[in-house]
2 protein chains.
Amino acid sequence: MESSKITIIDVAKKAGVSKGTVDRVLHNRGEVSAKSAEKVRKAIEELNFVPNVYASLLASKKPKTIICLMPEFTEGEFWEKEYKGFMMGAAQVKELNINIEFLFYDQYDTTSFVSASEKVLEAAPGGVIMPALFQEETHKFAQRLQEAEIPYFYVDTKVMDDDNFLGYIGMPRRDSGKVCAALLTGNCSVDDVKEIAVVRIKREGDPTKRRRIGFMDYIKENFPQAKVTNIFIDPADPAQTNAEMAKYFEKHPKARFMVMFNSRIHLLADALAARKGHRMTVVGFDDLPRNLELMRQGLVNVLIAQHTEEQSARAIQTMADYLISKKKPEVRDNYVHIDILTRHNMENY
Amino acid sequence: MESSKITIIDVAKKAGVSKGTVDRVLHNRGEVSAKSAEKVRKAIEELNFVPNVYASLLASKKPKTIICLMPEFTEGEFWEKEYKGFMMGAAQVKELNINIEFLFYDQYDTTSFVSASEKVLEAAPGGVIMPALFQEETHKFAQRLQEAEIPYFYVDTKVMDDDNFLGYIGMPRRDSGKVCAALLTGNCSVDDVKEIAVVRIKREGDPTKRRRIGFMDYIKENFPQAKVTNIFIDPADPAQTNAEMAKYFEKHPKARFMVMFNSRIHLLADALAARKGHRMTVVGFDDLPRNLELMRQGLVNVLIAQHTEEQSARAIQTMADYLISKKKPEVRDNYVHIDILTRHNMENY
DNA sequence: AAAAATTCCGTGAACGTGCACGATAGTCTA
DNA sequence: TAGACTATCGTGCACGTTCACGGAATTTTT
């Protein structure tokens with residue numbers, strides 16, 4: 001309550017210095033003797049001093065900047081949602097004197113990511129927000145950010161063995177794989193599930209790995225004799241995709257279960273439409289317009305989604321809070337809810 | 001961009017008055033001639049002037065207050081979630097010099113609501129946030145708030161024929177009833193669904209009315225010959241509840257479908273446990289701890305939920321924004337997503 | 001027409017922080 | 001020991017509002 005009435009001058013008096021000195025230790029920009037710094041820190045502690053954000057904002061001139069390092073995208077793609085969320089967050093923090101900048105790379109090209117990350121370091125922003133599509137390269141980049149004392153925040157995917165990130169927000173990925181498996185098999189008996197098709201995209205450092213692991217765990221536990229077939233498709237080549245799918249259906253005419261762990265289930269539109277009439281359960285991820293359209297048509301049964309926009313907006317918010325008040329978030333790992341979308345509740349999403 | 005560089009002094013110069021006068025028209029607190037007021041308004045318009053929120057916050061001394069008018073509650077009840085959300089919002093706007101106060105009433109007692117609403121008017125807060133449990137009384141109260149120029153915001157439920165509210169946030173209630181019906185009947189054929197039990201609580205001005213209408217619409221359309229039986233229970237009398245339920249199951253030994261439109265499905269714990277083993281589909285609302293527990297036990301199949309906490313926190317945020325900048329929200333009706341909870345995805349909610 | 005009342009409006013001191021500037025004391029060089 | 005340097009610190013203006021105070025202009029009263 002009244003803690004908010006304590007000003008930098010109260011602290012200065014208590015520490016026996018001037019407000020200039022208190023300010024210097026607050027933003028640790030040096031030029032303070034160890035002795036005074038200690039006194040000031042003690043005074044801050046004892047008075048429970050919290051700087052007034054608004055006075056601070058009013059007085060500081062130089063705008064801070066956050067860089068969002070993310071894949072370039074085309075319309076209707078998953079990353080477009082992420083982008084929109086960032087833009088929402090940008091609008092909210094704009095009046096906090098915080099600018100959001102973007103740097104894009106090719107999600108299928110590691111070197112493209114590396115050179116983009118170089119540019120980030122050159123720009124020396126106040127903070128970075130990014131997904132971790134390439135585990136290794138992202139890890140290296142994160143270490144360099146750490147050295148440069150630039151805080152960074154993961155969205156959607158993170159580097160598993162990194163421990164210096166400011167925060168992460170995304171779906172619990174193994175769990176989402178399990179939920180996916182549970183929804184795919186519904187209340188089928190053990191004998192019902194003999195063959196499952198997993199459609200995948202061949203790429204370096206598959207970001208859906210953990211999701212697949214969760215999926216397989218569930219299947220192995222509950223349907224031990226089910227066979228899982230991988231179908232690899234090329235997202236840039238519809239003809240190849242349709243051919244692969246046709247080949248699969250020819251080989252497995254009674255195929256009933258199909259799943260895809262990324263947001264691209266819409267790539268199967270033609271293949272699924274061609275098989276319309278067969279009894280099939282198809283589960284995909286993310287509420288992209290084209291995916292929703294497939295669900296309307298009855299070609300996809302369930303989509304597992306998250307509130308991507310809100311999630312990335314929150315990442316911006318958190319980073320902005322940190323830049324302003326240097327307060328780290330209480331919980332670093334923010335798991336969002338695994339939303340189940342069916343044709344019943346999709347329209348209100 | 002640079003519009004934010006325009007200050008109240010720029011406006012004053014352009015209008016040929018002093019900043020004091022500009023401030024007076026900004027907060028229309030009188031003592032300004034019609035002529036100057038017009039000039040100032042024109043200058044504001046032309047310069048596209050937007051007051052600096054932080055300078056404003058810093059300079060203003062008197063804290064504003066928002067009153068949350070809501071039902072009193074016991075632990076684990078739906079309204080506890082709402083309350084927690086309000087508290088979250090309160091924490092966020094606290095440093096904006098905005099205080100949140102609560103006023104509670106008995107949700108089963110109209111007069112209790114009326115007298116509580118009187119107290120609100122006496123307190124003359126900057127804004128009010130409330131659900132509309134009693135349509136008529138709330139409508140009257142809303143009109144008096146309107147007269148007193150106190151903005152108000154609906155959460156969860158709103159008054160249907162009110163058009164002066166600042167905003168509303170809640171679930172699309174008829175739709176939620178439809179989703180409920182769809183989930184209850186799953187992929188049953190028409191012959192499967194002969195009898196449906198709707199468990200209700202007898203009270204004045206049932207707030208679940210629209211949800212029930214949506215439900216009935218769906219059933220009538222898709223299962224025209226299904227019979228719907230109402231079971232009325234007293235939430236304060238478990239013995240009566242169990243007796244009513246037993247009576248129903250005796251009369252309908254093959255009952256397979258049961259639903260409850262409020263958050264109290266947990267009141268049926270004993271009755272459902274006693275019937276364990278029978279094949280039943282039970283759908284309820286809201287992710288209360290006790291409801292989730294029933295789902296874990298397999299006594300409830302689906303819970304339809306919303307992010308109550310976030311929803312009420314957002315209400316506070318919106319009201320706070322309005323009090324500070326007088327900007328009304330772009331969309332008044334905020335519909336939240338209808339979340340489907342099953343045992344598969346409940347743990348991450 | 002002077003006095004009183006009223007309406008209207010300008011002035012300047014806050015609000016709490018950031019930061020440039022310059023001051024002070026102590027240290028070092030020659 | 002004077003001058004130059006360095007490390008450390010205090011001072012005061014700026015940021016864009018709000019609002020109390022009092023003055024000027026206008027109208028009303030006597």
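Predicted model: local features only at pLDDT ≥ 70, side-chain atom pairs only at ≥ 80, totals over all residues.
Local features need pLDDT of at least 70, side-chain atom pairs count only at pLDDT 80 or more, and totals for chains, interfaces and linings use all residues. Residues are numbered from 1 along each chain as its sequence is written, while chains are lettered from A and ligands numbered from 1 in the order in which they are written.

**Chain A as a whole**

- Chain A holds 13 helices and 12 strands. Helices (H or I, at least four residues) and strands (E, at least two) are DSSP runs, numbered from the N terminus.
- The C-alpha trace of chain A spans about 85 × 40 × 35 Å along its principal axes.
- Of the 349 residues in chain A, 40% are buried. A residue is buried if 20 or more other C-beta atoms lie within 10 Å of its own, exposed if 12 or fewer, and partly exposed in between; the C-beta atoms are placed from the backbone.
- Take the contacts in chain A between residues at least 6 apart in sequence: 71% of them join residues at least 24 apart. Two residues are in contact if their C-beta atoms, placed from the backbone, lie within 7 Å.
- Chain A is assigned domain 1 (2-51), domain 2 (64-169 + 308-335) and domain 3 (173-305). Such bounds come from an automatic or database domain assignment.
- Between the C-alpha centres of domain 1 and domain 3 of chain A lie 59 Å.

**How the two chains meet**

- The contact draws 20 residues from chain B and 21 residues from chain A.
- On chain B, the elements giving two or more residues to this side are helix H4 (53-59), helix H8 (173-185) and strand E12 (339-341). H4(B) gives the largest share, five residues.
- By class, the side of chain B that touches chain A has 13 nonpolar, four polar and three charged residues. Ala, Val, Leu, Ile, Met, Phe, Trp, Tyr, Cys and Pro count as nonpolar, Asp, Glu, Lys and Arg as charged, and the others, Gly among them, as polar.

- The elements giving two or more residues to the surface near DNA strand C are H2 and H4 of chain A together with H2 and H4 of chain B.
- That surface near DNA strand C divides into 10 nonpolar, 11 polar and six charged residues.
- For DNA strand D, H2 and H4 of chain A and H2 and H4 of chain B each supply at least two residues of the nearby surface. The classes here are 10 nonpolar, 11 polar and seven charged.

**Helix H2 of chain A**

- In helix H2 (residues 19-26) of chain A, the buried residues are Thr21(A), Val22(A) and Val25(A).
- Seen down the axis of H2(A), these buried residues fall within an arc of 100°, so they line one face of the helix. The arc is that of the directions from the helix axis to the C-beta atoms.
- An α-helix has 3.6 residues a turn, so residues three or four places apart point the same way.
- The buried residues of H2(A) pack against helix H1 (8-15) and helix H3 (34-47) of chain A.

- Phe249(A) sits in helix H10 (residues 238-251) of chain A. Phe249(A) is partly exposed, with 19 other C-beta atoms within 10 Å.
- Leaving aside neighbours within four places in sequence, Phe249(A) is in contact with Ala255(A) and Arg275(A).
- Asn97(A) lies in the loop between helix H5 (78-93) and strand E2 (98-105) of chain A. Its phi is near 70°, a positive value in a residue other than glycine. Asn97(A) is buried, with 20 other C-beta atoms within 10 Å.
- Glu149(A) lies in the loop between helix H7 (135-147) and strand E4 (152-155) of chain A. Glu149(A) has a positive phi of about 60° although it is not a glycine. With 7 C-beta neighbours inside 10 Å, Glu149(A) counts as exposed.
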